Amino acid sequence: MPAKNLVIVESPAKAKTIEKYLGRNYKVVASLGHIRDLPKSQMGIDIDNNYEPRYISIRGKGDVIKDLKKNAAKAQHVYLAADPDREGEAIAWHVNHILGLSPDEPNRVVFNEITKDAVKNAFKTPRSIDMNLVDAQQARRILDRLVGYSISPLLWKKVKKGLSAGRVQSVALKLIIDRENEINAFQPEEYWSIDAQFKKGRGKAFAASFYGFDGKKQPLPNNDAVVDVMGRLDKKAPFEVTSVVKKERKRFPAPPFTTSSLQQEANRKLNFAARKTMMLAQQLYEGINLGGKQGTVGLITYMRTDSTRISNVAKTETSKFIHDEYGEEYAAVKIRQGKLQEGAQDAHEAIRPTSTLRTPKSLTDVLDRDQMRLYQLIWSRFVASEMTPAVMDTVSVKIEQNGVQFRANGSHTKFPGFTTLYVSSRDKSGDDKELPELAEGDQLTMSKSDPAQHFTQPPARYSEANLVKALEENGVGRPSTYAPTIETLKKRYYVKLTARRFEPTELGTIVNDLIVKFFPDIVDIKFTAKVEGELDGIESGKNEWVPVVDSFYRPFAKELSDAEVGMAKVQLKDEPAGFDCDICGAPMVIKMGRYGKFYACSRFPDCRNTKAIVKEIGVICPKCKKGQILERKSKRNRIFYGCSRYPDCDFVSWDKPIGRDCPVDHHFLVEKKSKAGRQVVCPNGDYKEPIQK
């Protein structure tokens, strides 16, 4: 006997989890994501007829659609239980259309977590499809199609095949390239610091740093300024403590995760790409088989959310857990609610475990390594957000002699609070820095002084976490779009990852230059953020989708027609190299490959001779002082640096020389790369600058 009720979700994993909760009167099947979309082979939008989209069944989904129709025909009721967001609402709408169901029928079921109670309660209150959500998704899809299918063919014609442009993608690329231009234009400025060690009597020495003269902060731009300071001091004479300020400072926990903050923190703490984070979060949301009576359970709430809101049920359970595990003094009485990002969607809760009682330790046998690491991050961040603040005793001390002031700061953890469980990657290390007991009027002696030369550092390239943060802060795109956007930039080889940071390729720079010149609105952050706000207005029912699309497309269409005429063809292939092939004697040419430009024989494929193009880095050889330093590649594709005058000069280095000498021993300085970031160091080990992350 067939089941009375048919439930349609997106994924087989979700279907499997839900079917166990609903019982034998329900059959749960998966649509495997979208079943209808715009055609791939053409624009699929009737611009002259209110931007009417022409949806077609997705190729390869014929059998899925046939099965859905067959199952729906046998069922008394059909429920659409796709994910609780714009995309899920659109999937439900398309399925509704294909099955010929009434658009007003209350057959839409949404739940924020896949647990027995949440699912069963959701089926008690089905609703009709929310057309505001559907229209918001359609408007985004149509705008992205209009941009992508208009600019991409132009790039294929003028640059090379396989390139693409997009609303969010092009802004992200411009951010990366603008940052690279800032780095290249950066001029380091010299500055100095004076760190000193002081003692009270025979007590333990503590550190203090030069602040200024007569209570006013004084920069130290060069060695002469340091000599001036040191000339005013009598190291043998006592220094006086002129001020001791003690304060109690509270440090509050970070709020639970949103989609964006989860992507950022997983990138910083776990080195996960945004795409990997979302894939693992999807698995934890859709259900993990815990074995025994528990069966398959969704371990976290829905992972696409801009909200930090938490349900009262979750608060109550977590409060009791903290009381039992850590003690009453660790359980927060009043939770601080974080502010919503402008334009944020508050439809869901924050990302949290579906039950705090399912501790990471209790899931050791059922989660794989990466699932466990992400679950541990989500669980710890959420539980910590419901805990009391850490309390620090801080002390700030001023030390003076002859009008020269040094300052020392100390801290001591009075109560660890939430830091017992979790510290955000953006927080400074919670290590205590103890100072001896000091009082105004105390006499101190200087046991050591250490003047040091420094240079200002250029801004760092974007990591995935920083790029996600920049896009969110600028109101560009939505957190659910960041992972695919970043993947597209990598796939098109517009950017490459160097020491976990985005470096634009030559191809990325060419494409960006063209879009900036011919489509300035597309890469204008304020304009893009305004469009995002209008799209959000469709979701909330404030805006109609057709006028929003029209107000964007009209000026864009004008730019497009200008670009068709004005954009010159970019010559990427077959530039003369200026020398002949050393195998067959034919002229060598410069070609653009996936990894940038290279030399190749013009008789290809008859002659397959290729050579790497060496790149000048703008630094004079530190050995011969005549040649330019070139970036080369070894046979194993590893980058190294050598002199352009080789073999007359045999200078070679795995690390990049930066064109400055060490202030200690005058050896040339190099830039070393590691997982932690980039760092300027002296190869002799006697000087290093702060790590640039």
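This is a predicted model: local features need pLDDT of at least 70, side-chain atom pairs count only at pLDDT 80 or more; totals for chains, interfaces and linings use all residues.
Along its principal axes, the C-alpha trace spans about 95 × 80 × 50 Å. Of the 693 residues in the chain, 50% are buried. Among contacts with a separation of 6 or more, 65% are between residues 24 or more positions apart. The accessible surface of the chain comes to about 35000 Å², and carbon and sulfur atoms account for 49% of that surface. The chain holds 111 positive and 89 negative charges, whose mean positions are 4 Å apart.

The buried residues are Glu464, Ala465, Asn466, Leu467, Val468, Ala470, Leu471 and Glu472. Their cover includes the helices α6, α8 (259-270), α9 (274-286) and α13 (479-491), together with strand β18 (501-504). Just after α12, glycine 475 takes a positive phi of about 70°.

Helix α6, one of the elements that cover α12, spans residues 167-185 and contains glutamate 180. Because buried means under 20% relative accessible area, glutamate 180, at 10%, counts as buried. Apart from residues up to four places away in sequence, glutamate 180 touches Arg461, Phe502, Glu503 and Pro504.

Lys27, Lys66, Lys70 and Lys74 form a positive surface patch. Helix α2 (residues 62-74) gives the largest share of this patch, with 3 residues. An α-helix has 3.6 residues a turn, so residues three or four places apart point the same way. Lysine 27, by contrast, belongs to strand β2 (residues 26-30). Its relative accessibility is 37%, so lysine 27 counts as partly exposed.

Attention now turns to cysteine 649, in the loop between β25 (639-643) and β26 (652-653). Is cysteine 649 buried or exposed? Its relative accessibility is 4%, and therefore cysteine 649 counts as buried. Leaving aside neighbours within four places in sequence, cysteine 649 is in contact with Cys621, Lys623, Cys624 and Cys643. Of these, lysine 623 is 26 residues from cysteine 649 along the chain, and the C-alpha atoms of the two are separated by 7.7 Å.

The loop between β25 and β26 also holds proline 647, and the peptide bond from tyrosine 646 to proline 647 is cis, with omega near 10°. A cis bond with omega near 10° likewise joins phenylalanine 604 to proline 605. Proline 605 lies in the loop between β21 (596-601) and β22 (610-612). Most residues other than glycine have a negative phi, and most peptide bonds are trans.

Tyrosine 51 is not a glycine, yet has a positive phi of about 55°. Tyrosine 51 is found in the loop between β4 (45-46) and β5 (52-53), and at 5% relative accessibility counts as buried. Histidine 666 has a positive phi near 65° and is placed in the loop between β27 (656-661) and β28 (668-674). With a relative accessible area of 59%, histidine 666 is exposed, whereas tyrosine 51 is buried.

Notes
Residues are numbered from 1 along each chain as its sequence is written. Side-chain values use heavy atoms; hydrogens and water are left out. Helices (H or I, at least four residues) and strands (E, at least two) are DSSP runs, numbered from the N terminus. Buried means under 20% relative accessible area, exposed over 50%, partly exposed in between (1.4 Å probe, protein chains only). Contact means heavy atoms within 4.5 Å. Patches are made of residues with over 30% relative accessible area and no salt bridge: like charges are joined within 9 Å, nonpolar side chains (Val, Leu, Ile, Met, Phe, Trp, Tyr) within 5 Å. Accessible areas come from the Shrake-Rupley method with a 1.4 Å probe; for residues, only the protein chains shown count as cover. A salt bridge is a side-chain nitrogen of Lys or Arg within 4 Å of a carboxyl oxygen of Asp or Glu. Lys and Arg count as positive and Asp and Glu as negative; His and the chain ends are not counted. The place of a charge is taken as NZ of Lys, CZ of Arg, CG of Asp or CD of Glu.
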